[in-house]
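Work through the exercises below with the sequence and the model in view. Try each task before reading its solution.

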Amino acid sequence: MNADEVLHLENISKAYRLYNRQIERLKTLFLTPFTGKEYARTFWALRGINLSVQRGEVLGVIGVNGSGKSTLLQIMAGTLAPTTGRLERRGRLTALLELGAGFHPEFTGRENVYLSGVTLGISEQEMRRRFDEIVAFSGIEDFIDQPVKLYSSGMYVRLAFSIATCVDPEILIVDEALAVGDAGFVMKCMNRMRDLHEQGTAIVLVTHDVQTVRTLCDRAMWLSHGEMRMLGSPMEVTSQYIQMLFEAQQQQASPASVPAPSESDPQGWVVLKARPDLVRWGNGRARIEAYRVHSSTGFASTLEYGDTVEISLRVRALADLPQQAYGAGINLRNLKGLDIITATTCDEGLAFPALRAGQAVEVTFRFQNILAPGDYALVMNVEDRQDAVPAYEDYIENAVFLKVVSNKPVLSVVLPHVETRIDELAR
Ligand SMILES: Nc1ncnc2c1ncn2[C@@H]1O[C@H](COP(=O)(O)OP(=O)(O)OP(=O)(O)O)[C@@H](O)[C@H]1O
């Protein structure tokens with residue numbers, strides 16, 4: 001390992017033995033020692049991972065369910081042994097892997113803080129010094145002397161995250177556990193991770209939230225079927241990843257799976273329902289609950305080139321939203337994952353009114369359809385532009401697919417109306 005490395009993985013692989021039936025497990029237990037015959041199937045959850053994490057860098061790990069992310073983090077954290085390969089670590093490592101991992105359920109929160117100190121090799125005196133800060137950050141002062149078995153999952157995460165981040169780790173490993181906290185705490189955790197990053201802590205973060213990778217990470221790694229598919233800049237890796245999700249979803253999408261405007265709603269609103277293929281993230285303070293698309297073809301997902309199109313979003317506040325830089329936006333994204341048209345209320349200088357929880361607004365974007373014929377995903381979001389980097393209340397990658405048709409050739413990606421003139425010159 002060079003001086004700047006805190007984690008070094010060389011050819012790390014992890015195999016699990018899988019049994020199709022219980023009897024095979026028993027046979028392995030009782031017969032294999034004598035017959036040498038294998039009854040299990042080997043499944044490689046990770047294969048040949050080479051990676052080095054530098055001091056102070058934030059690495060985001062993405063990949064679909066079952067791609068090996070948790071397995072990799074457990075190996076990095078030292079709670080799981082790799083089948084092959086070599087791992088080196090430098091410095092104090094804290095990890096938030098599974099909910100409640102490392103806590104003794106019968107012990108109180110206070111006792112678990114000190115128990116964690118023991119596990120991390122931190123003296124009782126040092127833990128005593130850090131105790132107040134840990135409890136204050138967790139926000140569960142009132143429950144600190146209750147056994148943690150009585151904690152809600154959110155309280156578990158609060159305490160575990162506080163411990164993991166208040167002990168000056170050189171390496172912090174976080175596995176999506178943050179999703180369990182409420183929006184306020186998730187934001188607090190994000191800020192905490194930014195602070196640690198500035199202080200030089202290396203962070204490895206598994207998340208399904210592409211936006212988190214883009215805003216928090218220095219590098220991103222995409223795992224696919226246990227192998228490293230891509231390692232590089234967050235923007236590059238997440239874009240490729242989104243495109244893959246998008247194409248996979250396109251292949252699956254049958255006409256019936258594309259939500260069509262509801263016939264029962266004469267105003268054309270389509271209510272957004274949870275679908276397995278819907279890629280949606282955000283802190284949940286506001287949600288897009290319905291959308292509608294209108295053009296000369298009516299409330300339909302097929303649009304004529306050149307038509308005037310209106311796309312409306314109905315946004316409902318789920319928490320009180322003071323009047324500030326809130327806004328909504330849409331992108332029309334082609335099948336290569338490129339945003340061809342984007343529009344936001346913030347960029348148009350329009351501010352949302354202050355909203356109380358439960359109140360809704362309708363936002364309409366009206367534009368000339370200059371898109372070349374083809375299929376497009378409609379991406380929609382509610383954003384908060386208070387800070388330089390937007391935060392998203394709700395972000396939906398692929399709410400609906402729109403088809404653009406044209407009876408005149410469009411040879412470019414977009415074709416705006418071009419005033420054209422021929423002037424004959426006098427000889
Ligand atoms: N103890 C185990 N025995 C057998 N297979 C396992 C075991 N743990 C994990 N696996 C398998 O290894 C693969 C990788 O799992 P892992 O939990 O690392 O994926 P992941 O990317 O973290 O998924 P998710 O996003 O759903 O959390 C999966 O196919 C999983 O079924």
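**Exercise 1.** Locate Glu-38 in the chain and decide whether Glu-38 is buried or exposed.

Solution. 
- Step 1: Glu-38 sits in the loop that runs between helix H2 (32–35) and S2. The model is a predicted one.
- Step 2: Inside 10 Å, Glu-38 has 12 C-beta neighbours.
- Step 3: Glu-24 is 14 residues from Glu-38 along the chain, and their C-alpha atoms are 8.9 Å apart.

**Exercise 2.** Describe the shell around the ligand: which elements contribute to the shell, and how do its residues divide by type?

Solution. 
- Step 1: List the residues. The ligand is surrounded by Tyr-16, Leu-18, Phe-43, Ala-45, Gly-63, Asn-65, Gly-66, Ser-67, Gly-68, Lys-69, Ser-70 and Thr-71.
- Step 2: Assign them to elements. Strand S1 (5–18), strand S2 (41–54) and helix H3 (69–77) each give two or more residues to this shell.
- Step 3: Find the largest share. H3 supplies it, with three residues.
- Step 4: Sort by type. The shell has seven polar residues, four nonpolar residues and one charged residue.

**Exercise 3.** Summarise the protein chain as a whole: how many helices and strands are there, and what percentage of the residues is buried?

Solution. 
- Step 1: Count the elements. The protein chain contains 19 strands and nine helices.
- Step 2: Of its 427 residues, 33% are buried.

Technical notes:
Residues numbered from 1 in each chain as written. Predicted model: local features only at pLDDT ≥ 70, side-chain atom pairs only at ≥ 80, totals over all residues. Helix = DSSP H or I, 4+ residues; strand = E, 2+ residues; numbered from the N terminus. Buried ≥ 20, exposed ≤ 12 C-beta atoms within 10 Å, placed from the backbone. Near = placed C-beta within 6 Å. Nonpolar A, V, L, I, M, F, W, Y, C, P; charged D, E, K, R; others polar.
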